[in-house]
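Here is a briefing on one predicted model. Please have the coordinates open while you read.

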Amino acid sequence: MSAHDSINRILGALGDHVLKTEHKSPRRVYIEISPETVYEASSVMFEEIGARLQIATGIDTPAGIEVMYHWALDRDESVVTVRTLLGRNKPVLESIAEMCPAAEWIEREIWELLGVEFEGHPDMRHLLLDDNWPADDYPLRRSHG
């Protein structure tokens with residue numbers, strides 16, 4: 001199966017959850033979804049497609065907090081990034097750590113540094129910051145400092 005075939009299979013599996021796609025190159029695609037569909041989309045990527053979670057990243061953009069899950073399709077030598085945009089007031093996503101253990105630490109980092117709550121996370125405690133760090137102070141937020 002080619003990278004093109006795999007990406008078409010992913011888009012078909014995600015169906016109406018896809019808000020937008022952006023093809024950066026033949027082997028690099030961004031798929032935008034709504035926050036409430038992150039768990040289901042991750043299940044498709046991990047369990048149905050067999051993709052490997054490389055990393056998740058978060059960034060505070062002018063539009064809100066963007067969280068991106070970067071999935072490797074090793075056989076096709078391609079990467080599919082599933083991204084979503086959250087509001088800053090109460091950014092919440094369903095954790096994928098129980099399903100995909102590789103997400104456990106990175107979700108903790110995104111929580112600490114950007115303030116995204118991951119509902120259902122198995123071990124949400126500080127990883128990088130001191131336990132005494134102020135609760136509403138997120139070092140990677142635009143409002144920090």
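The lining of the largest pocket divides into five nonpolar, two polar and four charged residues. The pocket itself holds about 170 Å³ of space. The structure is a predicted model, and side-chain atom pairs count only at pLDDT 80 or more.

**Largest pocket**
- Eleven residues line the largest pocket.
- Nearest its centre lie Ser-6, Ile-49, Leu-73, Arg-75 and Asp-76.
- Helix 1 (3–14) and strand 4 are the elements that give two or more residues to this lining.

**Strand 5 and its partners**
- Strand 5 spans residues 78–86 and is mostly covered.
- Eight of its nine residues are buried.
- On one side of the pairing list is strand 2 (residues 28–33), which runs parallel to strand 5 and is joined to it by five bridges.
- Strand 4 (residues 64–73) also pairs with strand 5, here in the antiparallel sense, over nine bridges.
- Val-82 in strand 5 takes part in both pairings: Ile-31 stands opposite Val-82, and Tyr-69 has Val-82 as its bridge partner.

**The hairpin turn**
- Strand 4 and strand 5 form a hairpin.
- Four residues lie between the two strands.
- Glu-77 sits in the turn and has a positive phi of about 50°.

**Aromatic pair**
- How many aromatic pairs does the model contain? The count comes to one.
- The partners are Phe-46 and Trp-71, with ring centres 6.3 Å apart.
- Are the two partners buried or exposed? Trp-71 has a relative accessible area of 0%, so Trp-71 is buried.
- Phe-46 has a relative accessible area of 30%, so Phe-46 is partly exposed.
- The cut-off behind both calls is 20%, because buried means under that value.

**Charge over a ring**
- Lys-24 lies over the face of Tyr-30.
- The distance from Lys-24 to the ring centre is 5.2 Å.

How values were computed:
Residues numbered from 1 in each chain as written. Predicted model: local features only at pLDDT ≥ 70, side-chain atom pairs only at ≥ 80, totals over all residues. Heavy atoms only, no water. Buried < 20%, exposed > 50% of the residue type's maximum accessible area, 1.4 Å probe, protein only. Pairing = 2+ DSSP bridges. Phe/Tyr/Trp six-rings, centres within 6.5 Å; stacked < 30°, edge-to-face > 60°. Lys NZ or Arg CZ within 6 Å of the ring centre and 35° of its normal. 1 Å grid on protein atoms, 1.4 Å probe; cavity = no way out; pocket = protein on both sides within 12 Å on 5 of 7 lines; lining within 4 Å. Points joined across faces, edges and corners; volume = space filled by probe spheres on them. Nonpolar A, V, L, I, M, F, W, Y, C, P; charged D, E, K, R; others polar.
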